[in-house]
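Hi,

Here is the structure I promised to pass on. Have a look at it, and then read on for my notes.

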Amino acid sequence: MILNRSQIAREKVEQLKLGVTAFTETEEIAEKIRKAVKELELNVIEDHTERGIWFIPQEEASTN
């Protein structure tokens, strides 16, 4: 089975849009996710570990 890295990144970005944490082991997919996060202006924190990178969506801060 051939894995399409762009498709994997798109699926992970969809997770982030739904407020679900995403994980990747590869820098190539992480870079694609970063690009999409920036374009979509998502509020996401990156957590780098020995095994890979977690993308953790953050709730929008209320302005009261």
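Which residue forms a salt bridge with Glu46, and how far apart are the closest N and O atoms? The partner is Arg34, with the closest N and O atoms 2.9 Å apart. Before going further, please keep in mind that this is a predicted model.

Glu46 is partly exposed, because its relative accessibility is 31%.

With a relative accessibility of 47%, Glu27 counts as partly exposed.

Glu31 is another salt-bridge partner of Arg34, and here the closest N and O atoms are 3.1 Å apart. This pair stays inside helix H2: Glu31 and Arg34 are 3 residues apart there, which is about one turn of the helix. Glu31 is partly exposed as well, its relative accessible area being 45%.

The structure holds 5 salt bridges.

If you look at what else surrounds Arg34, leaving aside neighbours within four places in sequence, its contacts are Glu27, Glu46, His48, Ile53 and Phe55.

**The nonpolar core**

Two of those contacts, Ile53 and Phe55, take us to the next topic. Which residues make up the largest nonpolar core? There are 11 of them in all: Ala9, Val13, Leu16, Ala22, Ile29, Ala30, Ile33, Ala36, Val37, Ile53 and Phe55. At least two core residues come from each of helix H1 (5-17), helix H2 (27-40) and strand E3 (53-57). H2 supplies the largest share, with 5 residues.

One core member, Ala30, is in contact with Thr24, Ile53 and Phe55 once its neighbours within four places in sequence are set aside.

Thr24 lies in strand E1, which covers residues 22-24. Is Thr24 buried or exposed? Thr24 counts as buried, because its relative accessibility is 3% and the cut-off for buried is under 20%. Not counting residues up to four places away in sequence, Thr24 touches Lys12, Ile29, Ala30, Ile33, Gly52, Ile53 and Phe55. A polar atom of the Thr24 side chain also lies 3.3 Å from the backbone nitrogen of Thr26.

Phe23 is in strand E1 too. With a relative accessible area of 22%, Phe23 is partly exposed. Its contacts, again without residues up to four places away in sequence, are Lys12, Arg51, Gly52, Ile53 and Trp54.

Conventions. Residues numbered from 1 in each chain as written. Predicted model: local features only at pLDDT ≥ 70, side-chain atom pairs only at ≥ 80, totals over all residues. Heavy atoms only, no water. Helix = DSSP H or I, 4+ residues; strand = E, 2+ residues; numbered from the N terminus. Buried < 20%, exposed > 50% of the residue type's maximum accessible area, 1.4 Å probe, protein only. Polar contact = N/O pair within 3.5 Å; in protein donor to acceptor, adjacent residues only side chain to side chain. Contact = heavy atoms within 4.5 Å. Core = buried A, V, L, I, M, F, W, Y, C linked by side-chain atoms within 4.5 Å. Salt bridge = Lys/Arg side-chain N within 4 Å of Asp/Glu carboxyl O.
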